[in-house]
Amino acid sequence: MQPEFHTSHREEDDWTVVEIHGEIDIPTVPRIRGYVVHRLEAGRRRLIVDLAGVTLMDSTGPGLLVGIRERIRGSVESAMTE
């Protein structure tokens with residue numbers, strides 16, 4: 001049985017913390033990408049991706065994170081946490 005997957009976010013000062021829980025793999029990458037893009041389109045300018053709840057990351061995970069970083073490079077402050 002796979003662990004439940006979900007994303008959530010919270011606001012801390014000027015930062016949006018996007019929390020990922022469960023597996024980052026082929027089925028979940030589009031959901032994560034869409035969730036993050038929605039936060040960016042909502043005007044958030046500082047983003048933290050919190051990976052503390054990630055139970056598995058397959059080879060698509062690093063590509064997702066690089067893609068997010070490339071999308072926001074130069075226009076949004078970002079940080080990665082483990």
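**Notebook: a loop, a core and some charges**

I started at Thr28, whose place is in the loop between strand 2 and helix 1. Here helices (H or I, at least four residues) and strands (E, at least two) are DSSP runs, numbered from the N terminus. Before going on, I noted that this is a predicted model, so local features need pLDDT of at least 70 and side-chain atom pairs count only at pLDDT 80 or more, while totals for chains, interfaces and linings use all residues. Residues are numbered from 1 along each chain as its sequence is written, and side-chain values use heavy atoms, with hydrogens and water left out.

**Entry: Thr28**

Is Thr28 buried or exposed? I found Thr28 buried, at a relative accessible area of 7%. The cut-offs are under 20% relative accessible area for buried, over 50% for exposed and partly exposed in between, with a 1.4 Å probe and protein chains only. I then listed what Thr28 touches, leaving aside its neighbours within four places in sequence: Phe5 and Glu23. Contact means heavy atoms within 4.5 Å. I also checked Thr28 against His6: the two are 22 residues apart in sequence, and their C-alpha atoms are 9.0 Å apart in space.

**Entry: the overall layout**

I stepped back to the whole chain and counted two helices and four strands. Along the sequence the pattern reads β-β-α-β-α-β. Of the 82 residues in the protein, 37% are buried. I looked up the contacts with a separation of 6 or more as well, and residues 24 or more positions apart account for 67% of them.

**Entry: the core**

Next I went to the largest nonpolar core, which has 16 residues; Ile20, Ile24, Ile32, Val36 and Leu47 touch the most other members. Such a core is a set of buried Ala, Val, Leu, Ile, Met, Phe, Trp, Tyr and Cys residues joined through side-chain atoms within 4.5 Å. Which elements supply at least two residues each? My list has strand 2 (15–24), helix 1 (29–41), strand 3 (46–57) and helix 2 (60–72). Helix 1 gives the largest share of this core, with five residues.

**Entry: Arg39**

Arg39 lies in helix 1. Its charged end sits over the ring of Tyr35, 4.7 Å from the ring centre. The criterion is NZ of Lys or CZ of Arg within 6 Å of the ring centre and within 35 degrees of the ring normal. Arg39 is buried yet has no salt bridge, and the nearest side chain of opposite charge, Glu11, is 5.4 Å away. For charge, Lys and Arg count as positive and Asp and Glu as negative, with His and the chain ends not counted. A salt bridge needs a side-chain nitrogen of Lys or Arg within 4 Å of a carboxyl oxygen of Asp or Glu. Setting aside neighbours within four places in sequence, I have Arg39 in contact with His9, Thr16, Val18 and Arg44.

**Entry: the salt bridges**

How many salt bridges are there in the whole structure? My search gave three. Arg10 and Glu19 meet at 2.1 Å, N to O, and Glu12 pairs with Arg10, the closest N and O atoms being 2.6 Å apart. Glu19 is buried, at 19% relative accessible area, whereas Glu12 is partly exposed at 38% and Arg10 is partly exposed at 31%. The side chains of Arg44 and Glu11 form a salt bridge too, at 2.8 Å, N to O. That pair links distant parts of the chain, with Arg44 in the loop between helix 1 and strand 3 and Glu11 in strand 1, 33 residues apart. I have both as partly exposed: Arg44 at 25% relative accessibility and Glu11 at 41%.

**Entry: a backbone check**

Last came phi. Most residues other than glycine have a negative phi. Asp13 is not a glycine, yet its phi is positive, at about 55°. Where is Asp13? I placed Asp13 in the loop between strand 1 (6–12) and strand 2, and found this residue exposed, with a relative accessible area of 77%.
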